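Student: I have a structure open on my screen and I would like to learn how to read it. Could we go through it together?

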Amino acid sequence: MVAIMTGMHTEAPPVRRPVRQLLAASVGNAVEWYDWYAYTFLATYIADQVFPQGAENSLVPLLSTFAVFAVGFFMRPVGGLVMGAIADRRGRRAALTVTILLMGGSSLLVGLTPTYAAAGVLAPVVLVVARLLQGLSVGGEFAASTTFLVESAGPGRRGLFSSFQYVSTTAGQLVASGVATVLVDTLSEERMNGWGWRVPFVVGAVLSLVGFWIRRGAAETRSAEQRKGPRPGLFEALRRHPRESLLICGITAGGTLAYYTWTSYLPTYAELNVGVEKSDALLAGTISLAFFGLLQPLGGLLSDRFGRRPSLLFFGVGFALLSVPLLHALRDSFAVLLLVSCAGMILLTGFTSISAAVNAEVFPPRVRAAGIGFPYSLTVALFGGTAPYVGTLLKDLGHSGLFPWYVAVLCLLSSLVYLRLPETAHRELER
């Protein structure tokens, strides 16, 4: 206590109740991603109710729905910057409180969006506003929860705590898929179109209140010295640490492309290119996603023992060498698709399980959250969020075979960045 009061060191006091800290970050993150993915799973119902139906082209409403989804993606860098700045200026817990309430409010807004038949053009306007707020929240959530998780970890446990970023993300995605599936299987088409599609978003709003309650009891991880010092400016991380910002982009580019390809786009890719049945593709995707979530803590523990760089190179070089063979190995077979999915998930764990730790170890504590949030979210929007679009576009142009090479080349470029990274696993995290 005396050392902190006299400014002799800048370490935060040891964080008590690490399980509570882990739960506070993970539950909120799961709720954030539950809401984010619920929109994807229910896109066809939203399209029918919120957008005008084009008689000549029935795909117009659905395309409009996915266009609104993309708008949310490109709000994420703004959220990463703004909410990251709040985390650096007001504290990690304050930012996490804002993001969970913002997501709850935007989820409720989606659930209460009027139909086009009832409100006309106001309906899609309300939906766009809700998605903008969701994008802002998700971008800010990663910045704040990444910093909070890693700063909450005990000695030699940053990789393990980091892994729960994607454990909770995967849990949110699986719950969203499960809720949507139960509703579709139990409600008639008329009820789903009438009110059923709104239920997951109202549930998401309620879950956000649960996350808010849990986060209120979490301990602040920003050090006393940081709290007493001058507040950083909004763009200070970019202005004073341009090299670190570019480093985050290089670390993330291959990882986010591989992540969205394997966790979101692979079932559609298999349907489009080898004719796998939609039900088989979705089942394989769900099983492999659950497998992926279970792998994350193991990946984090291994990185705590053997280092971050070996894990990142396992991922990057593995995908550079195997993306093309794995995607070309797909056949009209559930078993083959499941094997390809799980093989990719094993390689992907080398990146996802420790990306939070690696990012947090790049920036000093004064601008850690904002420094991570903006370049990370921008890179995700540019490469991860566009992965399904690029893959579908190449298919439409008759060059579907180029997409695996696109994944391989970007992972190879990120591997070159990993080679030059200093090893940080066994260094004390600056507070």
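Tutor: Gladly! Let's begin with accessibility: a residue is buried under 20% relative accessible area, exposed over 50%, and partly exposed in between, with a 1.4 Å probe and protein chains only. Take leucine 122: its relative accessible area is 47%, so it is partly exposed. Please keep in mind that this is a predicted model, where local features need pLDDT of at least 70 and side-chain atom pairs count only at pLDDT 80 or more, while totals for chains, interfaces and linings use all residues. Residues are numbered from 1 along each chain as its sequence is written, and side-chain values use heavy atoms, leaving out hydrogens and water.

Student: How much of the protein chain is buried?

Tutor: Of its 431 residues, 54% count as buried. As for the surface, areas come from the Shrake-Rupley method with a 1.4 Å probe, and for residues only the protein chains shown count as cover. The protein chain exposes about 17,900 Å², and carbon and sulfur atoms supply 68% of that area.

Student: How many helices and strands does the protein chain have?

Tutor: Helices (H or I, at least four residues) and strands (E, at least two) are DSSP runs, numbered from the N terminus. The protein chain has 20 helices and 0 strands. Leucine 122 sits in helix H7, which covers residues 122-152.

Student: Which residues does leucine 174 touch?

Tutor: A contact means heavy atoms within 4.5 Å. Leaving aside residues up to four places away in sequence, leucine 174 touches Thr286, Leu289 and Ala290. Leucine 174 belongs to helix H8, and it counts as partly exposed because its relative accessibility is 26%. Over the protein chain, among contacts with a separation of 6 or more, 87% join residues 24 or more positions apart.

Student: How do I describe the way two helices pack?

Tutor: Start with axes, which are lines fitted to C-alpha atoms, for helices over the stretch in contact; angles run from 0 to 180 degrees between N-to-C directions. Angles under 35 degrees count as roughly parallel, over 145 as roughly antiparallel, 65 to 115 as roughly perpendicular, and the rest as oblique. For H8 (residues 158-186) and H13 (residues 242-274), the axes come within 13 Å and cross at roughly 30 degrees. Therefore H8 is roughly parallel to H13. Tyr166, Thr169 and Gln173 of H8 make this contact with Tyr259, Thr263 and Ser264 of H13.

Student: At what angle do H7 and H18 pack?

Tutor: At about 135 degrees, with their axes 8 Å apart. So H7 is oblique to H18. Handedness comes next: a crossing is left-handed if the near helix is turned anticlockwise from the far one by less than a right angle, and right-handed if clockwise. H7 and H18 cross in the right-handed sense. The contact includes Phe142 and Glu151 of H7, along with Arg368 and Tyr376 of H18.

Student: How do the residues of the contact of H7 with H18 divide by class?

Tutor: Ala, Val, Leu, Ile, Met, Phe, Trp, Tyr, Cys and Pro count as nonpolar, Asp, Glu, Lys and Arg as charged, and the others, Gly among them, as polar. In the contact of H7 with H18, 5 residues are nonpolar, 5 polar and 2 charged.
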